[in-house]
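Here's a quick briefing for anyone opening this structure for the first time. Take a look, then read on.

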Amino acid sequence: MLLAMSESLESQLAEVFRAVLSLESDFDPTPLVREESPAWDSMAGVTLFSAIESEFELQLEYSDAARMVSFAETLKLVQEKKA
Amino acid sequence: MNFLEASRLAAGAAQAPALPIRLAMSGLAPQLDVFLGAAAAVRGRKIEIETLPYGTLGQFLHSPVPDEKTEILLLAPWDLVPELDWRTGFGSSPLEADTVLGSAQSLLKGISNRAHARILYMPVSVPPNLPSHAAGLRLETDLADLVLAAGGQLLEASSFSLDAYLQVGSYLASSELDRVAHRIVDAALAPSYGQAKVLVTDLDNVVWKGVVAEAGLDGIEYGPEGEGFGHFLYQTFLRSLERAGILLCAVSRNDPLDARAPLESGRMILGIENLVTVVASYHAKSAQIAALAQELNLGLDAMVFVDDNPIELAEVRRSLPEVTCVHFPPRRNDLPAFFDRLRGLFSREDLTEEDRERSALYRRRLSTMAPVEAQGEDLTDFLASLGMELVIHNRTQGDRTRVVQLINKTNQFNLNGKRWTDDEVGALLEAGGRLHGATLSDRSGSHGEILACLESPDRVIEVLVMSCRVFQRRVEHAFLGYLAELPQPPVSLRFGSTDRNEPFRHFLADLEWTPDESGVVSFDASAVRDRFAAGLPLTLRSAES
């Protein structure tokens with residue numbers, strides 16, 4: 001059950017990444033790292049932050065934004081906040 | 001509505017007629033465009049946004065006025081008085097309120113002189129940059145007054161997030177983007193402020209608290225106390241609009257006698273004599289409003305529709321995008337912004353004798369208006385965005401109190417109107433019957449137990465009732481689909497016509513199921529499976545699985 005919830009969170013977050021970074025619908029964003037992704041610029045970072053708050057009904061702090069350096073770290077952040 | 005749902009809705013409107021707007025605000029608004037796209041999509045339009053670059057509000061006022069494009073200015077106090085910007089900190093000397101109000105007034109005058117400009121203002125707390133706390137409060141009020149005087153509307157103060165503004169320069173709270181986007185699209189589609197002429201209001205849970213067809217005249221609340229207080233205020237507000245020459249009409253999904261009874265009772269501050277007409281039927285509200293506009297010989301853009309039910313509002317928005325739709329707030333704390341908004345839409349200063357007589361004139365004209373029968377818009381995609389989950393509970397064993405209560409208090413969506421005692425239900429179950437209940441939840445929370453169905457041992461549905469709170473969500477179709485998939489589906493339903501179960505008669509007619517002479521209707525499981533196996537806008541699961 002917990003595994004299923006985690007998979008669903010990951011696929012939901014992947015869809016948010018694809019929408020915000022204008023990625024193709026079959027693109028796998030899970031290996032993305034901010035510093036290596038031209039589409040993930042500072043404006044996209046702000047949009048991601050806000051989209052994640054809206055999608056997962058969370059309230060993030062400034063320090064959380066600094067943790068969003070990769071898809072994997074962002075997923076970890078969302079999982080912690082949802083826990 | 002969440003981000004991904006908004007993205008999907010916006011993408012689905014790619015072929016819809018364009019709604020071009022020019023949006024000016026002094027901050028970032030990441031993903032507001034997505035929510036604007038969704039808000040336009042539910043009104044059958046595709047948004048086309050031109051966003052002004054950051055910090056160019058002053059230049060905007062000197063730019064040419066576009067011919068067709070509505071200009072929306074989303075303003076905060078620091079757009080009117082730059083010294084009140086939280087991001088710039090506190091000045092070395094206190095502000096002089098009179099001086100800054102003068103410059104704010106000039107700026108607003110410049111905006112209101114533009115033909116297609118609409119102002120939406122966030123009346124948020126300003127930094128304590130004035131000589132005293134009282135002076136700060138006065139300035140906040142004075143700024144909001146100036147905005148209203150310039151024809152602007154106030155947004156809810158909760159739309160502002162100081163945290164987001166300080167963090168990323170976006171002063172809109174993520175949780176409020178959906179609501180703000182709807183206000184922007186409403187403003188873009190609405191007539192100029194003060195130009196609306198007709199207020200069309202829903203009745204149940206708007207003019208009064210409760211559902212009159214279920215609770216009866218004595219079970220609804222409308223007085224200046226308790227649950228009815230907000231509705232009492234609304235009634236007094238409607239009376240003030242009527243005195244100002246605004247035409248008031250009511251549209252209700254109800255039996256006409258039920259709908260009129262409270263208005264004719266003489267108990268409420270709003271009476272039938274204050275309304276031009278009351279249109280009550282179980283047909284689409286959009287069709288009723290369109291017919292009203294025709295009878296009154298007024299454009300749809302002169303009409304404002306107030307309802308508490310987001311599904312009714314979506315249906316009218318989708319079908320009649322020119323009508324301004326306003327949500328009657330579920331929380332009383334949101335009533336001030338609600339009244340402000342209506343006041344802005346209807347504000348008039350030049351009241352004539354003819355205005356005062358207008359209601360009587362139109363009442364005579366509409367006395368012969370024929371009932372309208374028409375289906376509403378297909379809302380499948382909007383309903384899907386609500387994230388509804390229907391959970392079926394087997395209540396054959398265990399506590400059935402709430403289900404029995406539902407059976408005995410539901411009048412409208414009721415198979416035959418028969419009342420059952422708990423003992424009678426128990427006896428049928430002991431003999432081999434089945435009792436189903438269902439709960440519904442969506443993004444806004446749980447609606448609780450909303451459906452009950454009792455089958456006899458020989459699989460005849462003796463009871464099928466559903467709460468009127470969840471009409472139009474296709475819950476009844478999903479439930480039939482569930483029954484059809486059971487290893488032993490029902491074989492028939494025992495229908496009986498009552499004075500109040502017209503919604504159930506419509507349901508059967510829609511399914512093309514006809515009762516025989518004794519009221520028995522065959523349950524065609526394979527037809528139900530074919531029709532409702534897929535495509536319903538909700539998730540269904542059994543509590544046992």
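This is a predicted model: local features need pLDDT of at least 70, side-chain atom pairs count only at pLDDT 80 or more; totals for chains, interfaces and linings use all residues.

Buried area is the accessible area that two parts lose on being put together, summed over both and taken with a 1.4 Å probe.

**Where chain A and chain B meet**
- Between them, chain B and chain A bury about 1,400 Å², and carbon and sulfur atoms supply 56% of that.
- On the chain B side, the residues that lose the most area to chain A are B:Phe3, B:Leu4 and B:Gln167, which together make up 39% of what that side buries.
- As for who takes part, the contact draws 18 residues from chain A and 16 residues from chain B.

**How chain A is built**
- Chain A is made with four helices and zero strands.
- Its radius of gyration is 12 Å, close to the 12 Å that the globule rule gives for 83 residues, so chain A is as compact as a globular protein of that length.
- Along the principal axes, the C-alpha atoms of chain A fill a box of roughly 35 × 30 × 20 Å.

**Inside chain A**
- Of its 83 residues, 42% count as buried.
- Look at the contacts in chain A with a separation of 6 or more, and 51% of them come from residues 24 or more positions apart.

- The accessible surface of chain A is about 4,800 Å², with 54% of it belonging to carbon and sulfur atoms.

Notes:
Residues are numbered from 1 along each chain as its sequence is written. Chains are lettered from A and ligands numbered from 1 in the order in which they are written. Side-chain values use heavy atoms; hydrogens and water are left out. Helices (H or I, at least four residues) and strands (E, at least two) are DSSP runs, numbered from the N terminus. The radius of gyration is taken over C-alpha atoms; the globule rule is 2.2 Å times the number of residues to the power 0.38. Buried means under 20% relative accessible area, exposed over 50%, partly exposed in between (1.4 Å probe, protein chains only). Contact means heavy atoms within 4.5 Å. Accessible areas come from the Shrake-Rupley method with a 1.4 Å probe; for residues, only the protein chains shown count as cover.
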